Amino acid sequence: MPAITGNKRYFSMKKQNPTILAIESSCDDTAAAVLQNKKLLSNTLFTQIIHSKYGGVVPELASRDHQKNIVAVVKEAIELAKINLSELDCIAYTQGPGLLGSLLVGCCFAKGMALALDKPLIGVNHMQAHVLANFIDIEDQIEFPLVCLTVSGGHTQLVYVKDFLEMKIIGQTLDDAMGEAFDKIGKMMGLPYPAGPTIDEFAQKGSINTFSFPNTIVPDLEYSFSGIKTSFSNFFQGKVSQNKDFFEVNKYDICASIQNKLIDMAMNKFCKAVEKTKVKAIAIAGGVAANSALRAKVENLAITKNLKLYLPNKKYCTDNAAMIAMVAHHKYLAGQFQNIDSAMPIPRMEF
Ligand code: KG4
Ligand code: ZN
């Protein structure tokens, strides 16, 4: 069967200041954004609440909810951007990593739009997008190379960033992600999903030194958050069996102490990565990058080591489509278009 589209044609039509529609649907957020020459015109988001009662994301429900909401979310992004569909220069979507059913909804929708509007299609790596969330609304020259600590609900990565599209993972978790540790520990305490923001809030009122947790030894630049989760479970169950009001009485100190431990673990390897790579600039990314104590520690690291720091706006730390559009902008300029016929989601997509 002949290919429906020819990317060579798009390549010759390329502009220097593209207007991009980006769609994000990798997990439990349906999001769309319009970016015009790196200026964000709109950024819409629908966070699925259906999962909170299950204490985690239910993949089947997530894809159904994306399907239900994607038209309204994209329409809103176009309306808020005050543009006509004909003004779009390309359609971008999250190709992976993520939940297959969720990714399929965004991918099919983007393919349909690209086909109907006769515009090029760009597939974006969600983890690369988290890194580029640091550069949304930033005008100045970016200081490459840098090391980015990406900490989300599904990933914990130390990324050596050579350029906007050139990055390499130099360390990652061997088991649970840092956000996952926040969420699972929160669930043990009966906190609603996702527990990260609540732990952050409670921790601000508590003391980091009240409770201590053992160290986890992991080689090189790798991480492991599964041991600390088990230690916390043993600690918490032991205390509650002695005093059923243990959580209510101590919740601020418990959250401050365990959060401090998780952050120390993240910072330890981050500092090692900075020393090893000798970079002069650092960044953080992903949902956990919204954590106030982590942000303070990273700011402190930048000051003490005299490093240039990129700190993403909190609204761009958790999943959003603006960050997908940022990657798409650079891929557009590089002419990295996809074949609409064969474009597919990649649930375990790597850089
Ligand atoms: O990047 P993200 O929105 O989704 C993934 O790609 O996974 O990250 C979601 C994660 C959740 O685990 C959530 O608990 C965590 O980010 N998170 C936080 C905070 N805000 C979100 N963790 C700690 N402190 C926060 N303020
Ligand atoms: Zn994410």
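Author: In the side chain of His-126, an N or O atom is 3.3 Å from an oxygen atom of ligand 1, which makes a polar contact, a pair of N or O atoms within 3.5 Å. All of this comes from a predicted model, in which local features need pLDDT of at least 70 and side-chain atom pairs count only at pLDDT 80 or more, while totals for chains, interfaces and linings use all residues. Residues are numbered from 1 along each chain as its sequence is written, chains are lettered from A and ligands numbered from 1 in the order in which they are written, and side-chain values use heavy atoms, with hydrogens and water left out.

Gly-154 also approaches an oxygen atom of ligand 1, here through a backbone N or O atom at 3.3 Å. The side chain of Asp-200 places an N or O atom 2.9 Å from a nitrogen atom of the ligand. Around ligand 1 there are 20 residues, of which Gly-153, Asp-183, Asp-200, Gly-287 and Asp-319 come nearest; a residue is counted there if one of its heavy atoms lies within 4 Å.

From here the view moves to the helices. Helices are DSSP runs of H or I with at least four residues, strands are runs of E with at least two, and both are numbered from the N terminus. Helix α5, residues 178–188, packs against helix α8, residues 246–277, at an angle of about 165° with the axes 11 Å apart, where axes are lines fitted to C-alpha atoms over the stretch in contact and angles between N-to-C directions run from 0 to 180 degrees. The two helices are therefore roughly antiparallel, a term for angles over 145 degrees. Their crossing is right-handed, meaning that the near helix is turned clockwise from the far one by less than a right angle.

On the α5 side, Met-178, Ala-181, Phe-182 and Ile-185 meet Ile-258, Gln-259, Leu-262, Ile-263 and Ala-266 of α8, with contact meaning heavy atoms within 4.5 Å. By class, eight of these residues are nonpolar, one is polar and none is charged; Ala, Val, Leu, Ile, Met, Phe, Trp, Tyr, Cys and Pro count as nonpolar, Asp, Glu, Lys and Arg as charged, and the others, Gly among them, as polar.

Helix α7, residues 226–242, crosses α8 at roughly 165°, the axes coming within 12 Å. That makes α7 roughly antiparallel to α8, and this crossing too is right-handed. Ile-228, Phe-232, Phe-235, Phe-236, Lys-239 and Val-240 of α7 meet a set of α8 residues that includes Phe-246, Ile-254, Ile-258 and Leu-262. Eleven residues of the contact between α7 and α8 are nonpolar, none is polar and two are charged.

Helix α9, residues 292–304, packs with α8 at an angle of about 35°, the axes being 10 Å apart, and α8 passes α9 in a right-handed crossing. Among the α8 residues that take part are Gln-259, Ile-263, Met-267 and Phe-270, and they face Ala-293, Leu-294, Lys-297, Val-298 and Leu-301 of α9. The contact of α8 with α9 divides into eight nonpolar, two polar and two charged residues.

The peptide bond that joins Tyr-193 and Pro-194 is cis, with omega about -10°, and Pro-194 is found in the loop between α5 and α6 (196–203). Most peptide bonds are trans.

Terms used: Parallel < 35°, antiparallel > 145°, perpendicular 65-115°, else oblique. Polar contact = N/O pair within 3.5 Å; in protein donor to acceptor, adjacent residues only side chain to side chain.
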